[in-house]
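I have a chain to look through today, and I want to keep short notes as I go.

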Amino acid sequence: MKYLKFVLFTFNILIWLAGCTVLMIGACLLLEPSKGHLLNLFVPDATPHETINLIACSLVGLGFTVLTVGFFGCRAALYGNQCILATYMSMLVALIITELITAAVGGLMTFRILSGLEERLINKLAEDYGHEPTSDIPFSHSLDFAQYKFNCCGIHGYGDYNGTAWWRDAQISGNRRQVPLTCCVLKDTEVKNTGSPMSVVSRVFSKHNEKPWLNPKPMDEIACQVEDEEGHDGYRHKEGCLSKVTSWLQCESFTLVFLGMAMAGIQTFGIITSAFLCRTIRDMQVD
């Protein structure tokens with residue numbers, strides 16, 4: 001019986017650590033909302049902060065729930081009371097069902113989003129990209145951030161800007177830009193891992209809130225805007241952003257789904273161990 005209590009306590013420590021991990025991920029998203037700009041490319045009817053805050057708050061709530069269940073499980077392991085163990089197992093079953101449903105819904109949503117992403121982004125770029133009052137400013141900032149973060153340009157390439165509303169406005173205004181400045185190789189190359197824990201900590205404590213994608217400084221703006229391919233070679237990003245943002249979303253979704261499945265696996269073992277402990281306690285009471 002002592003062995004079962006020790007095993008159950010150990011696995012509840014793992015559950016508690018998993019809850020801390022989820023809680024930290026949610027907190028990092030709240031403190032460093034730059035990923036919201038990327039998510040806004042996939043969620044057309046929400047602003048970046050609304051999108052990232054919803055996901056972050058959901059993760060924080062799930063983390064607190066897992067922490068509570070883990071703490072209750074440690075208590076159940078220490079006291080070995082059948083009533084507490086039964087309540088703990090019920091909580092685990094409900095949590096596992098929630099995690100599996102969330103993982104399934106997340107996978108299906110990712111598939112649905114990616115299925116129509118290419119056409120939607122091309123249409124948005126052609127009609128809504130720009131920084132005028134009539135433009136879709138959140139989308140424009142999100143695409144600028146993607147181009148800055150992934151060193152890419154346009155959806156399939158820099159040629160996507162030819163003939164767009166932004167391009168026509170640029171020709172009329174006289175600046176004759178062929179691509180946005182975020183498509184250029186920048187000289188203010190800030191570290192790209194803007195969502196890493198160390199970057200988040202440094203931004204929070206140093207109040208470092210610069211946004212280079214909103215005020216880009218090209219290495220050579222004139223060379224970047226040259227129409228001839230040889231002229232802008234080395235000064236303009238040529239690869240499109242579609243494959244890179246798609247890979248980013250798939251990686252983020254896989255990470256969350258894998259984390260949910262791993263937590264469900266650990267919690268399933270906790271249910272089995274709790275059931276054996278309940279049976280052992282009952283047999284000892286009968287004897």
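My entries below go from the whole chain down to single residues.

**Ground rules.** This is a predicted model, so I noted the limits: local features need pLDDT of at least 70, side-chain atom pairs count only at pLDDT 80 or more, and totals for chains, interfaces and linings use all residues. Residues are numbered from 1 along each chain as its sequence is written, and side-chain values use heavy atoms, with hydrogens and water left out.

**Whole chain.** I started with the secondary structure and found 11 helices and zero strands. Helices here are DSSP runs of H or I with at least four residues, strands are runs of E with at least two, and both are numbered from the N terminus. Next I looked up burial: 42% of the 287 residues count as buried. Buried means under 20% relative accessible area, exposed means over 50%, and partly exposed is in between (1.4 Å probe, protein chains only). I also checked the contacts, meaning heavy atoms within 4.5 Å. Of those with a separation of 6 or more, 75% are between residues 24 or more positions apart. The accessible surface comes to about 15,400 Å², and 65% of that belongs to carbon and sulfur atoms. Those areas come from the Shrake-Rupley method with a 1.4 Å probe, and for residues only the protein chains shown count as cover.

**Cores.** Which residues touch the most other members of the largest nonpolar core? I got L41 and Y161, in a core of 31 residues. A nonpolar core is a set of buried Ala, Val, Leu, Ile, Met, Phe, Trp, Tyr and Cys residues joined through side-chain atoms within 4.5 Å. Helices α2 (35-39), α5 (117-127), α6 (137-150) and α11 (242-286) each give two or more residues to this core. The largest share is from α6, with six residues. I then found a second, separate core of 25 residues, with L4, A18, V66 and M263 among them.

**Helix α4.** I listed some of its buried residues, including I84, Y88, L92, E99 and T110.

**Helix α1.** I looked for greasy surface and found a nonpolar patch of about 480 Å² made by I13, L14, W16, L17 and F71. Patches use residues with over 30% relative accessible area and no salt bridge; like charges are joined within 9 Å, and nonpolar side chains (Val, Leu, Ile, Met, Phe, Trp, Tyr) within 5 Å. Helix α1 (residues 2-31) gives four residues, the largest share. I13 is partly exposed because its relative accessibility is 34%. C20, also found in helix α1, is buried at 19%.

**Salt bridges.** How many does the structure hold? I got five, each being a side-chain nitrogen of Lys or Arg within 4 Å of a carboxyl oxygen of Asp or Glu.

- D128 pairs with K124 at 3.5 Å, N to O; D128 is partly exposed at 25%, while K124 is buried at 14%.
- E221 pairs with R177, with the closest N and O atoms 3.2 Å apart. This one links distant parts of the chain, from helix α9 to the loop between α7 and α8, 44 residues apart.
- E229 pairs with K238 at 3.7 Å between the closest N and O atoms, and salt bridges that share partners join E229, D233 and K238 into one network.

**Loops.** M219 is found between α8 (197-206) and α9 (221-224), and is partly exposed at 48%. Its C-alpha is 5.9 Å from that of V185, 34 residues apart along the chain. My last stop was N151, in the loop between α6 and α7 (165-173). N151 has a positive phi of about 55° although it is not a glycine.
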